[in-house]
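Please keep the sequence and the 3D view at hand while going through the numbered points.

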Amino acid sequence: DQSSEPRLSSTILLLRDNPGLEVLMVKRHFEIDFAAGALVFPGGKAHDEDESKSWLDHIDGDYEANDRAARISALREAFEEAGILLARPTNKRGPGQPLVGQDVAAALDPMRSAVDKREVSFLELIKQHNLVLALDTMVHFGHWITPTMMPKRFDTHFYLAPTPPDQIAV
């Protein structure tokens, strides 16, 4: 039995009260090798960059390395997969401060594919636009590790977060 080591990953349930509770789901591409075509919450594997200490000046919230990387991964995946950006302007950072609106999300939207393909650094994109990721808006509510008999294993952290009121998923 040669079970693989689970890879850090994260999933985010983006919630909106409009007026009833809404939860964002996306449809996975039909040509991928894991859960093709399934309706899922945005999420995926953490990248090396998600674990970088360079993020420390570009996040709101104080989290240990693994939790910080999982949270960053969840927000990066929400941006890549749905165009939702949980961030604040650097000059208006801190708990309780408003998140960026549709104008900022739309301005960064053309970079989603490049970030997904790792042609553009998500960290550099956040820095260039004077933003901080709002990790403090996320509530950790679950942790699941794929069973050892599975060929692909994930160490997945689940988060809840409010969707910015005027951002529209694409």
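1. Strands β1 and β5 (residues 43–45) run antiparallel and share three bridges; two strands count as paired if DSSP finds at least two bridges between them. Strands here are DSSP runs of E with at least two residues, helices are runs of H or I with at least four, and both are numbered from the N terminus.

2. On the basis of the values: this is a predicted model, in which local features need pLDDT of at least 70 and side-chain atom pairs count only at pLDDT 80 or more, whereas totals for chains, interfaces and linings use all residues. Residues are numbered from 1 along each chain as its sequence is written, and side-chain values use heavy atoms, with hydrogens and water left out.

3. With β2 (residues 21–23) the sense is antiparallel, over three bridges, and R16 stands opposite E22. Three residues separate β1 and β2, which form a hairpin.

4. Why is strand β1 described as largely enclosed? Eight of its 11 residues (7–17) are buried, so the rest of the structure largely encloses it. Buried means under 20% relative accessible area, exposed over 50%, and partly exposed in between, with a 1.4 Å probe and protein chains only.

5. The largest nonpolar core has 35 residues, and I12, L85, F122 and L133 have the most contacts inside it. Elements that each supply at least two of its residues include β1, α4 (122–128) and β7 (131–133), while α1 gives the most, with eight. Such a core is a set of buried Ala, Val, Leu, Ile, Met, Phe, Trp, Tyr and Cys residues joined through side-chain atoms within 4.5 Å.

6. R68, in helix α1 (residues 65–82), deserves attention. R68 is buried yet has no salt bridge, and the nearest side chain of opposite charge, D62, is 6.0 Å away. A salt bridge requires a side-chain nitrogen of Lys or Arg within 4 Å of a carboxyl oxygen of Asp or Glu; Lys and Arg count as positive and Asp and Glu as negative, with His and the chain ends not counted.

7. As to the whole, the protein chain has four helices and nine strands. Of its 170 residues, 43% count as buried.
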